[in-house]
Amino acid sequence: MTDRDSTSEVDQNEFVNTYLAKNTPFVARNCFTRSGPLASPWDLEPLAEKFGAYHVPVFDTLFEMQRSMRFSDYVSAIASERTGAKPVSYVRWYARQRHFQMICADEAFAELAESWTAPSWVPSGGYVFPPIKENADPVRDRFPAKGFFVCAAGGRTRLHVDPWASDAVLCQVTGAKRFVMYPPSAGEFLSDGDAVVDLEEPDDERFPTWRAVRPAVDVTLSPGDAIYIPAGWLHAAVALAPSVSITWNFVHEVNAARFAAYLESGGSTDATVKYFHATHEVAPAS
C-alpha cells in the first residue's frame, strides 16, 4: 500500500494506472479540501443546525437499518452516549441510488456542494458505473453508495466487501478513523462462505483460521485524508473520535471487464445497477 504525506505529484493518470488498474490500496494525506461556512473540520453541531430537521437512517455495525430519526436528535443522542457504550449507533446517509428509496441525502449534498472538493487524483471521467464519460464530479454527481457517514467515537463498520465489483473512495472530514484492509486472497481465512468474522467480537469456533492473516493496511485517517479501497478488498473501520466521512463507489473503464463479468453473473438485476444504467447519464444531485 502507498501512504503519501503529500499528493501534489499524484495526478489522475498515475492514480488510474498505478492504483486502479493494479487493484492497490492508496492513502493520501491532506488531499481533501473543505471550505465555505462549514470549514475544516465540519463539527457535528454546525451540521446539526444546518440539517437538524432532516430524517436520517441509523444503522447497526454493518448495513442493517435500525430506525430513522431527526439528525438534530441523533447528534444530541450521541453527544450524551456513555463513553465505551456498545453498540454505537451509526448514520449512513446515502444519496439516491435506487428508484424506491425513502431517505436520501441529495438535498444535503447539494447544500454542501460549495463546501468541499474531491481529491484532485479522483478521475474526472471514464466511468462505466455510473456511466459518466467526462466532467464527472463526486461533489455534484450521483455515485453508487455516495453518502455521509456520521458517528460518535466507537462507531464502527464491520469487516465486509463492497458490492457491484466496485472500488470506493472515503474522505475523512471530522475526527480520526482507524481503517484496516485485507486483500481478496485473505477471504478464505476470514469468511465461512455465509458471513465474515467480526474483528472486535470474533467467533473463533466459526472462524478458526481468521488469525492466520494480518491486515495489509492498518492506518488512522485524520481530517483531510482520503483512502482508496480497491474492489474485492475486505475492510473495516472504527471511529476514534466523533466522526464525519464522505464516501462513494464507482467502476472505472480500466476495470470494465471485471464489471462486465459481475453483470453477467447476475449483477445486472441489482436495484442500484438498474437505477444508474436506466438513467444513461447521471444527473447532478440537486
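Me: Buried means under 20% relative accessible area, exposed means over 50%, and partly exposed is in between (1.4 Å probe, protein chains only). Is N23 buried, partly exposed or exposed?
Reply: N23 is partly exposed, because its relative accessible area is 22%.

Me: Hold on, what sort of model is this?
Reply: The model is predicted: local features need pLDDT of at least 70, side-chain atom pairs count only at pLDDT 80 or more, and totals for chains, interfaces and linings use all residues. Residues are numbered from 1 along each chain as its sequence is written, and side-chain values use heavy atoms, with hydrogens and water left out.

Me: Back to N23. Where does it lie?
Reply: In the loop between α1 (12-20) and β2. Helices (H or I, at least four residues) and strands (E, at least two) are DSSP runs, numbered from the N terminus.

Me: What about the phi of N23?
Reply: The phi is positive, about 55°, and N23 is not a glycine. Most residues other than glycine have a negative phi.

Me: Which other residue has a positive phi of about 55° without being a glycine?
Reply: A145. Its place is in the loop between β8 and β9.

Me: Is A145 buried or exposed?
Reply: A145 counts as buried, because its relative accessibility is 11%.

Me: What else is in that loop?
Reply: P130 is found there, between β8 (127-129) and β9 (147-151). The peptide bond from F129 to P130 is cis, with omega near 0°. Most peptide bonds are trans.

Me: New topic: β14. Which strands pair with it?
Reply: β2 (residues 26-28) pairs with β14 in the antiparallel sense over 3 bridges. β11 (residues 167-174) also pairs with β14 in the antiparallel sense, over 4 bridges. Two strands pair if DSSP finds at least two bridges between them.

Me: Which residues stand opposite each other?
Reply: A28 stands opposite A226 in β14. V169 has Y228 of β14 as its bridge partner.

Me: And which β14 residues are on which side?
Reply: A226 and Y228 are on one side, I227 and I229 on the other.

Me: Last one, A195. Where is it?
Reply: In the loop between α5 (187-190) and β13 (217-221). A195 is partly exposed, at 22% relative accessible area.

Me: What does A195 touch?
Reply: L190, R206 and F207, not counting residues up to four places away in sequence. Contact means heavy atoms within 4.5 Å.

Me: How far is A195 from R206?
Reply: They are 11 residues apart in sequence and 9.6 Å apart in space, C-alpha to C-alpha.
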